[in-house]
Structure formats: C-alpha cells, structure tokens
Amino acid sequence: MTDTDIEPTETVNARGAACPGPLMDLIGKIRSVEPGAVVCLLSDNDQSLTDVPEWAEQAGNEVLAVESHDDYQAFYVEKA
Amino acid sequence: MTERVVIVGGGTGGTVLANNLAGRLDREIDAGDVEITLINDGPDHVYKPVWLYVPFGQRELENGRRPLEELLDSRVTLRIDRITDIDADAQRLRSRNPGRPIEYDYLVLATGSTLAPEEIPGLAEAGHDYYSESGATALRDELLSFTEGHLVLSVVGTPHMCPAAPLEFVFMADDWFRERGLREDVDITYTYPIQRVHGNPHIAEWARPLMDERDIRVETFFNAEEIDADENVVRSMEGTDLEYDLLVGIPPHRGIDLIEEAGLGDRGWVDVNKHTLEAEAAENVYALGDTANTGVPNAGSVAHYQAGVVSQRLASEIRGQPPTAVYDGKTLCFIETGMDAASFVEFDYENPPSPARPSQKLHWSKLAYNESYWLTARGLL
Ligand SMILES: Cc1cc2nc3c(=O)[nH]c(=O)nc-3n(C[C@H](O)[C@H](O)[C@H](O)COP(=O)(O)OP(=O)(O)OC[C@H]3O[C@@H](n4cnc5c(N)ncnc54)[C@H](O)[C@@H]3O)c2cc1C
C-alpha cells in the first residue's frame, strides 16, 4: 500500500523491537484507546507484516493501511 | 575525589553487581577513591523462582528470602530506603526519607518489575498468581483443595518475568494432578496473547506438541480484556469467552513509575543501548535486569550476565579506561516440564534457542541451581 493521509490518534514506535514486541505494543495501545481511534504502529520487524493483519482480523479491528518506508512499515489500525 | 556508585534495587541484578564491583574495585574502595551504595526498599533479598514451587506445596516462601546484609560484600554500603525521584541532569536521587538528596557519579537502576493487575478489570479480584509472595500462598490454598473443574492459565501481557514460567506451571499442574489421580476431573487451558504458545518461535514450536500430547488445551490470540468474577468468565479482546473454575493470571507488568517520570523510558522500563546497557536518555546511568529494555527475557540469568558487563564497564570508566565489555543477549533457562523432568535453553542476540530433551537430570539441575543461587547472589558463582 502507498502513503496515506490518515491522522492517527496515537502512534507507537516499536522500531528495533524483536518479535513479538511490536504486536504486543500495538495490543497494549489498542487496549487503552476508545473504539474508533486509529493507532499507527511503526515496526521494522518483517514478522509484523503477517502478525498485525492476522491479529487485527481475530480481534475485529481494521487495518486501514500499511505504509512502506525505507526501513520500516507503518500500520494504521482502527479499533472496532 | 571519591567516585560514588549508587545501585538502586537489591534483587538479582543489583546484588550480583554490587558484590562483583566490590571485588573488582577492592583496592580503590579501601583507598577511599570509590564508594558503592546499594539501596533497596526492604531488608531482604528475594529470589522469585522459588514461587513457582510454592502453589504445589514444594517450597516455602522463606526458601526465597535472605537478609541483604548477609549477602553483601562488607565494602558495599547498604541503605534500606525507597527511591522516589531521579534527577538525571543533576545526578541526584530523592527517597521517601526526607533529608538530603543522594548524589551519584554513576547510577545503576536495577529496580525490576512490578505487577499491574489493575489494568485488566476484575483480574485483581478473581485471578490468582504465583508472581508475588501473597499470590503464591493464596494460590497454594486454592490448588490444594482443587479436585475438579477448569483451571485456566492466562498470560495477560508480555513482557513478564520469566517467559518460561507459565509453560512450566501448566506442565507441572498436569503432572501433579495425574500423580494424584485427579487429571481426568481437571481440565487445563493455557492462553497466550499472540498466535503461538510462547514469544520465542523456537520455544513455542517445542512446547506446543508437548501440550497437545498432555491434553493441555490452548487458546492463542487471547488477550484478556476483562474478568467477570460473578460469571467466572474471562473475556478476550478477540471476542472469545472462557469459563474457569480457577483462574491463574500472569498480570501485566511495568517497571517503576519514577523511571517514566524521569524521562528514561515508557512504562517504567529504561531505554538502553542493548549492548552497553547505558541509558539512552541520560549520562552516567546504566540499567540492568528486568528494568533494562533490551528485548531479551526478564530473567534472573539475564540480570546476572548483565551485572557482570555493567561491573566491568563501570570499573573501566572509574579507572579512566575505555569500557569494552558488552552484553551479547545471553539468556539461560531451565524449563520444568513436569514434577520430575525439565528442559534447558540457552540463546543470545545471534543464536536462537534449541530446547534440550526433557530429563530428570535437568530437573535436578534446576533444583540444584535454586539451592546454589545464594552463592550466585554473593558473587561467588
Ligand atoms: C514465578 C517466577 C519464576 C521465575 N523463574 C525464573 C527462572 O527459573 N530463571 C530465571 O532466570 N528467572 C526467573 N524468574 C525471573 C527473575 O526472578 C527476575 O527476572 C529477576 O529477579 C530480575 O532481577 P532484577 O534484579 O532485575 O529485579 P528484582 O530481582 O525483582 O529486584 C528488584 C529490586 O528492586 C527493589 N526496588 C524496586 N523499586 C525500588 C525503589 N524505588 N527503591 C528501592 N528499591 C526498589 C525491589 O524491592 C527489589 O528488591 C522468575 C520470576 C518469577 C516471578
């Protein structure tokens, strides 16, 4: 996916964290925000490319966009 | 001028460091050039791995407690006090005792983990744990009289202390109920927040077939959202409801608040360079053990290895030499797989774990380690 103009409610920077750190950071943040809020997760762990969409689907949250940057990805996840 | 090293936290990391450093800098201390102070908020050193055995009636809390006074090198000044404020710019600490602030030239934070069950509604009231002294004894009382029903062990958040301990608990419970002829009447379910049974894929791959063989049910992608204590149900963020008769929850963990207040890292974990263990946001500050955010497990073995590295680095700095010791991520863990068998893993930043085949010998090695731990704390092993 390409660049988005989504304004996240919160951003979680999990760059440098090993698996499952980025997914757990996202889950932790989703816990604390209101339904409808958008959390942006920054991760440079390739595993996040599968982990994040799989978890979001299980939990009923929506991955609005995945933005690729030079050395990391930004996942925009909306809390159901 | 005397160089003042202040270590906050007299658990595994802080105690091993204080003793190791006192041995390394004995001449400088005797000459009055270096002063090492260890500050802990209680008089005892607590060895938490003992708590795993308490619910099964195999160990007592006293087996995991000794006065710090007995364990510390006599060249270390022990201060029983609770630090309440860190001013890293002024290199000064405040404690709950009013009076003069505590000044340092080098600070090491080894304040460990704290439990935060209040983050999940209902968990504190309905859940049991063996991650605290009071939790371990209350769970023992429940387990001893538990003869039928559904035992749920839920890992509510990561990171938590000793990532192997939840697996160990269900393996031990399975075996313990079997030995007592009760296993047919007790269902066991293990839940984990991500899509496998452990954060490390190699350990997860090893553990999953063992759980299947032993009829330990598994719910993955399960993040407890609330506990309904009236209905005995755990509700997950993923929409699964799990009924329990006895709930053992591994509560969310945090570091201590003042670390966040001092701007050293989120949720009380200090952001550090994962090789040098130096704080990212402050000069002359190190962190080690659970409180250092390195991505490796929160384990005593990690705190122990990191203490060796920080000790060497501090000694070099104090002697005006460039510090060269680095932490390579080394972690070592025995994993109980029943009441008389255990596995063993060893890994680091580069090399993944490869769990050993469970054996009785490894189980005895774990128990022997637990006994000899007091020599480790003294800096002798
Ligand atoms: C059930 C269980 C089983 C475990 N099993 C194993 C195992 O088999 N192998 C293994 O390697 N690890 C195991 N661990 C993990 C291990 O116990 C911890 O990772 C280890 O204790 C971390 O050491 P630490 O020095 O970072 O912190 P701790 O040992 O927790 O010490 C922190 C100290 O700092 C003090 N403190 C905190 N805040 C302040 C303050 N503001 N002022 C003054 N003092 C303060 C605390 O009171 C405490 O004494 C287990 C843990 C549990 C709970």
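Visitor: How many helices and strands are there in chain B?
Guide: This is a predicted model, and its chain B has 381 residues. The secondary structure of chain B comprises 10 helices and 23 strands.

Visitor: What radius of gyration does chain B have, and what would a compact globule of 381 residues have?
Guide: The C-alpha trace of chain B spans about 70 × 40 × 35 Å along its principal axes. For 381 residues, a compact globule would have a radius of gyration near 21 Å. The value for chain B agrees with this, being 21 Å.

Visitor: What percentage of the residues in chain B are buried?
Guide: A residue counts as buried when its relative accessible area is under 20%. Of the 381 residues in chain B, the buried ones make up 57%.

Visitor: Which residues of chain B does UniProt list for "domain: FAD/NAD(P)-binding"?
Guide: The span in question is 26% helix and 27% strand, and its end C-alpha atoms lie 17 Å apart. The annotation comes from an unreviewed UniProt entry, which lists residues 4–307 of chain B.

Visitor: Which residues are the closest to the ligand?
Guide: The ligand is surrounded by 31 residues. The closest are Gly13(B), Asn40(B), Asp41(B), Lys48(B) and Asp290(B).

Visitor: How far from an oxygen atom of the ligand does a polar side-chain atom of Asp41(B) lie?
Guide: A pair of N or O atoms within 3.5 Å is taken as a polar contact. The side chain of Asn40(B) has an N or O atom 2.8 Å from an oxygen atom of the ligand. For Asp41(B), the distance from a polar side-chain atom to a ligand oxygen is 2.5 Å.

Visitor: Where in Asn298(B) is the N or O atom that lies 3.2 Å from an oxygen atom of the ligand?
Guide: The cut-off for a polar contact between N or O atoms is 3.5 Å, and the distance for Asn298(B) is 3.2 Å. The atom of Asn298(B) concerned belongs to the backbone.

Visitor: How much of the accessible area of the ligand does the protein cover?
Guide: On its own, the ligand has 1,000 Å² of accessible area.

Visitor: Which element gives the largest share of the shell around the ligand?
Guide: The elements of chain B that give two or more residues to the shell are α1 (12–24), β2 (34–40) and α9 (300–318). The largest share is 3 residues, and these come from α9(B).

Visitor: Is Glu70(B) buried, partly exposed or exposed?
Guide: Glu70(B) is placed in helix α3 of chain B, residues 68–71. The buried class lies under 20% relative accessible area and the exposed class over 50%. Because its relative accessible area is 46%, Glu70(B) is partly exposed.

Visitor: In what order do the elements of chain A run from the N terminus on?
Guide: Chain A has 2 helices and 4 strands. From the N terminus on, their order is β-α-β-α-β-β.

Visitor: What radius of gyration does chain A have?
Guide: The globule rule gives 12 Å for 80 residues, and the value for chain A is close to this, so chain A is as compact as a globular protein of that length. The C-alpha atoms of chain A fill a box of roughly 30 × 25 × 20 Å along the principal axes. The radius of gyration of chain A is 11 Å.

Key: Residues are numbered from 1 along each chain as its sequence is written. Chains are lettered from A and ligands numbered from 1 in the order in which they are written. Side-chain values use heavy atoms; hydrogens and water are left out. A residue is near a molecule or strand if one of its heavy atoms lies within 4 Å of it. A polar contact is a pair of N or O atoms within 3.5 Å; within protein, one must be able to donate a hydrogen and the other to accept it, and residues adjacent in sequence count only if both atoms are side-chain atoms. Accessible areas come from the Shrake-Rupley method with a 1.4 Å probe; for residues, only the protein chains shown count as cover. Buried means under 20% relative accessible area, exposed over 50%, partly exposed in between (1.4 Å probe, protein chains only). UniProt positions are given in the numbering used here, feature names are shortened, and annotations may be inferred rather than shown by experiment. The radius of gyration is taken over C-alpha atoms; the globule rule is 2.2 Å times the number of residues to the power 0.38.
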